[in-house]
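Morning, everyone. Please bring up the sequence and the model, and keep both in view while I talk.

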Amino acid sequence: QVPAAVRRAYFSRKVSRKRISYKKRVADRRRKADSLMLQAEIEVPTVEALMACPLSKFIHFAANDCGYTGTRYELIANWVHPLFLKAKTEASKEDNPSWKQAMSGPFKEEYWKAAIKEIETLESMDVWEV
């Protein structure tokens, strides 16, 4: 009879290997998807254009079927549209300067104000303690 502690240790090691393998596969898929996204020319639709699209009714229907209780406009504006914006942002890395580039560029004051506002917002949400 194998002691219970030994069985648990073996099982947790086996699960950890599976978890690590899974995380590697997901990371690999994400890298591939990101590289494809960077190659694509994406035009971000407006919220109004998404609302006028027949697909928005289906998206709302599917979300309601999964338990969503908000309006169609809230769904498109708060969930679907940000996904398009994220895709556009990822696809245009040159439009997102690094901190060093931003602070030495022509809009450094605007970047500085935005950074301060972001930190104040995070502090007001108690994301961390300073």
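Let's start with one residue. H60 touches Y68, G70, T71, R72 and L75, leaving aside residues up to four places away in sequence. Touching, or contact, means heavy atoms within 4.5 Å.

A word on the source. This is a predicted model, where local features need pLDDT of at least 70, side-chain atom pairs count only at pLDDT 80 or more, and totals for chains, interfaces and linings use all residues. Residues are numbered from 1 along each chain as its sequence is written, and side-chain values use heavy atoms, with hydrogens and water left out.

Back to H60. Is H60 buried or exposed? H60 is buried, with a relative accessible area of 17%. The cut-offs are these: buried is under 20% relative accessible area, exposed is over 50%, and partly exposed is in between, using a 1.4 Å probe and protein chains only.

Where does H60 lie? In helix α3. Helices here are DSSP runs of H or I, at least four residues, numbered from the N terminus. Helix α3 covers residues 54-65, which is 12 residues. From its first C-alpha to its last, α3 reaches 17 Å, close to the 16 Å expected at 1.5 Å a residue. That expected span is 1.5 Å times one less than the number of residues.

Now look around α3. S56, H60 and A63 are buried. They cover an arc of only 65° around the axis, so they sit on the same side of α3. The arc is taken from the directions from the helix axis to the C-beta atoms. On the other side of α3, the exposed residues are P54, K57, F58, F61 and D65. Just after α3 comes G67, with a positive phi of about 105°.

Next, the charged side chains. How many salt bridges does the structure hold? Two. A salt bridge is a side-chain nitrogen of Lys or Arg within 4 Å of a carboxyl oxygen of Asp or Glu.

One joins D28 and R31, at 4.0 Å from N to O. These two are three residues apart in helix α1, residues 4-39, so about one helical turn separates them. D28 is partly exposed at 31% relative accessibility. R31 is exposed at 55%.

K32 also forms a salt bridge with D28, and their closest N and O atoms are 3.5 Å apart. K32 and D28 are both in α1, four residues apart, again about one turn. Through shared partners, the salt bridges join D28, R31 and K32 into one network.

Why does that spacing work out? An α-helix has 3.6 residues a turn, so residues three or four places apart point the same way.
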